Amino acid sequence: MNSSIQQILVHADSTVSTGIRMDIALKLAQTFGASVRALYAAAPREVTALDMNAGAVGEVYARVQQVNAHRHSRARTMFDTSLTKSGADASWDVLTQSPLADAFARQAWFSDLMVLGQRDPASADGEEVPADFVETVIAASGRPGLVIPYTGSFNSVGTNVVIAWKESREAAHAVAASLPLLSRAQAVHVLTWGPKPHSVSTSGGLDLNSYLLSHGVKAQWHWEGPEADSIGEKLLSRTYELQADLLVMGCYSHSRAREWLLGGASRTILGSMTLPVLMAH
């Protein structure tokens with residue numbers, strides 16, 4: 001029987017976390033019999049006024065081109081290294097269109113899952129990718145994104161899963177996108193905040209619990225109390241206590257003049273994540 005994950009799109013840049021993303025994507029590909037496409041998407045280093053004061057014009061442009069070539073070569077080496085360790089089907093491509101996030105999002109339309117990386121604010125190569133790349137790609141593409149922290153090792157993803165649930169389109173989209181992983185998980189926890197429910201069901205008909213059960217997923221429910229301003233921090237704390245290796249949640253944002261503005265919990269998770277997070281808008 002075919003899995004619902006057949007095509008995985010991985011964002012590649014020259015940061016060291018590209019190798020981690022590739023390893024995870026290739027493991028998922030082997031699990032689900034999927035294909036992986038690594039798409040190098042990084043803004044090229046541009047010549048600045050400061051550069052122009054550092055030498056002859058021809059030398060300056062040559063140095064900048066060398067930096068860009070080195071970045072691409074480093075990313076491709078990480079891809080090749082990961083591929084050597086795996087027997088999965090994978091291909092490499094370079095994104096040449098701009099704006100970067102919008103062009104990547106258009107490619108993501110034709111994938112079942114994106115594997116993206118949390119931004120490392122201390123990275124020397126942070127200028128390669130816009131600060132809002134992850135949230136823009138998730139929101140603009142409408143496709144689920146598996147966001148990997150920029151630091152840490154992740155030997156398993158999806159063995160012990162936490163779902164951050166609220167009755168919203170975004171959360172429902174994230175749950176539906178994660179079903180292939182949920183169906184293989186050893187444990188699934190649903191965390192919910194707000195008014196204490198009388199049961200796990202919503203009033204009147206279909207509900208999350210019956211939806212999960214219909215897909216063979218039996219979840220443990222946890223009511224976490226009234227919703228608070230610090231829900232992002234509480235969510236990360238609970239995933240740690242439950243020893244989760246994957247968090248599933250909606251990505252809450254809205255667009256204002258082409259800039260995607262995140263809600264509080266989404267902003268906290270993307271800034272402080274300690275485990276892979278599958279997000280959908």
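**Surroundings of Q118**

Reply: The side chain of Q118 comes within 3.2 Å of the backbone nitrogen of Y150. This is a polar contact, a pair of N or O atoms within 3.5 Å; within protein, one must be able to donate a hydrogen and the other to accept it, and residues adjacent in sequence count only if both atoms are side-chain atoms. The structure is a predicted model, in which local features need pLDDT of at least 70 and side-chain atom pairs count only at pLDDT 80 or more, while totals for chains, interfaces and linings use all residues. Residues are numbered from 1 along each chain as its sequence is written, and side-chain values use heavy atoms, with hydrogens and water left out.

A polar atom of the Q118 side chain also lies 3.2 Å from the backbone oxygen of G271. In the chain, Q118 sits in the loop between β4 (113–117) and α5 (133–141); helices (H or I, at least four residues) and strands (E, at least two) are DSSP runs, numbered from the N terminus.

Q118 has a relative accessible area of 7%, so Q118 counts as buried (under 20% relative accessible area; exposed is over 50%, partly exposed in between; 1.4 Å probe, protein chains only). Leaving out residues up to four places away in sequence, Q118 touches V147, I148, P149 and Y150, as well as L270, G271, S272 and M273; contact means heavy atoms within 4.5 Å.
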